[in-house]
Amino acid sequence: MSEIYEKLLHCLECVRKKTSFVPKIAIVLGSGLGDFADLIRIECEIAYSEIDGFPVSTVPGHAGKFIFGYVEDIPVVCMKGRVHFYEGYPISDVVLPVRLMKLMGANILLLTNASGGVNSSFHAGDLMLIKDHISLFAPNPLIGANIDELGVRFPDMSIVYDQEIQNIIRKTAYEQGIGLQEGVYAQLTGPSFESPAEIRMLRTLGCDAVGMSTVVEAIAANHCGMKIGGISCVCNLAAGMTRSPLSHEEVQEAAKKASADFKKLVYESIRHMREDLEELE
Ligand code: HPA
């Protein structure tokens, strides 16, 4: 058995010593978007630091814990705080949490993040449905011996962001009167923000928003057969698109402002999933 899989099973064992909760939906909350967890009926919480070997986030605004609970009667697990490649963890650790939530029982994954807008028609505070992604410079998390217990060596990536989930998110935004952009999200490594020339490059490549997470998690989740949805909170226009310099504080501030709509969109989308997705029947 691969070391990475062994570590994953050990983390699962640690979780199972603390809770037998079986989530159906896993939700990764992006920077500044952790308040979503206030909406769920909480059953229990596990700090990442309580799980042996689990990577612990060092970024302010990414307090690290799993929150288990219910959206209406749908069992969910939220990650308040994620781990980024730029923190220095091996890429297998960066995707460990997503794989762990799959092993806990979640077959649906909602990935959320804060991003910079690359598309010049976007505004700070916009929410964007992630339709596809581009990975630049972060290693592919599937490099190394394939973990056959999780998935195949050469996974298809034609449809990473599930079309039914995309439609549910679109429908929900429309019903709730929440503006929703759509586009392609690019993950770069960070932690420095991009240069204006890199942003022009990304625009030429067809990217609409850029950030430092999500894509590697989506690759790992797609590998292990999860149904994925993605929502990005465009917190600023990317480098070179305005006169002002970028800062993490500005990103968090903008995420906070968008957070009411974000929370509503995620919560109501999950309620619709109950009606529309076979997995939740
Ligand atoms: N670039 C990369 N990541 C980000 C940005 C950005 O402009 N804004 C929020 N996360």
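**Ring pairs, salt bridges and a buried helix**

Ring pairs join Phe-21, Tyr-48, Phe-54, Phe-66, Phe-68 and Tyr-70 into a cluster. Before I go through it, a word on the model. It is a predicted model, in which local features need pLDDT of at least 70 and side-chain atom pairs count only at pLDDT 80 or more, while totals for chains, interfaces and linings use all residues. Residues are numbered from 1 along each chain as its sequence is written, and side-chain values use heavy atoms, with hydrogens and water left out.

Now the rings. A pair of aromatic rings is described by the distance of the centres and the angle of the planes. Rings of Phe, Tyr and Trp (its six-membered ring) pair if their centres lie within 6.5 Å; planes under 30 degrees apart count as stacked, over 60 as edge-to-face, and the rest as tilted. By this rule there are six aromatic pairs. In one of them, Phe-21 and Tyr-70 have ring centres 5.3 Å apart and planes at 70 degrees, so this pair is edge-to-face.

Where do Phe-21 and Tyr-70 lie? Phe-21 is in the loop between helix H1 (3-18) and strand E1 (25-29), and Tyr-70 is in strand E3 (residues 65-71), so the pair ties together parts that are 49 residues apart in sequence. As for those labels, helices (H or I, at least four residues) and strands (E, at least two) are DSSP runs, numbered from the N terminus. Phe-21 is buried at 9% relative accessible area, and Tyr-70 is partly exposed at 22%.

Phe-54 and Phe-66 also pair edge-to-face, because their ring centres are 5.4 Å apart and their planes stand at 75 degrees. Phe-54 sits in the loop between strand E2 (41-47) and E3, with Phe-66 in strand E3 itself, so to speak 12 residues along, and the pair links distant parts of the chain. Both of these Phe residues, Phe-54 and Phe-66, are buried.

Next, charges. A salt bridge is a side-chain nitrogen of Lys or Arg within 4 Å of a carboxyl oxygen of Asp or Glu. How many salt bridges does a search of the whole structure find? The search finds 12. I will show some of them.

Lys-7 bridges to Asp-93, and their closest N and O atoms are 2.9 Å apart. Lys-7 is in helix H1 and Asp-93 in helix H2 (residues 91-94), so this pair ties together parts that are 86 residues apart in sequence.

Glu-45 and Lys-65 meet in a salt bridge at 3.0 Å, N to O. Glu-45 belongs to strand E2 and Lys-65 to strand E3, so the bridge ties together parts 20 residues apart in sequence. Glu-45 is partly exposed at 38% relative accessibility, and Lys-65 is partly exposed at 26%.

Then there is Glu-182 with Arg-170, where the closest N and O atoms are 2.5 Å apart. Glu-182 is in strand E7 (residues 180-187) and Arg-170 in helix H4 (residues 163-176), 12 residues apart, and the pair links distant parts of the chain. Glu-182 is partly exposed, with a relative accessible area of 28%; for Arg-170 the value is 28%, again partly exposed. Elsewhere, Glu-72, Glu-268 and Arg-271 are linked in a network of salt bridges.

Now helix H6. Nine of the nine residues of helix H6 (residues 215-223) are buried, so this helix is largely enclosed by the rest of the structure. Among the buried residues are Glu-217, Asn-222 and His-223. After H6 comes Gly-225, which has a positive phi near 80 degrees.

Last, the cysteines. A disulfide is a pair of cysteine sulfur atoms within 2.5 Å. By this rule the count is zero. Cys-14 is in no disulfide, and the nearest cysteine sulfur, that of Cys-11, is 6.2 Å away. Cys-14 is buried, at 11% relative accessible area. Cys-78 is in no disulfide either, with the nearest cysteine sulfur, that of Cys-44, 12 Å away. Cys-78 counts as buried at 0% relative accessibility.

Key: Buried < 20%, exposed > 50% of the residue type's maximum accessible area, 1.4 Å probe, protein only.
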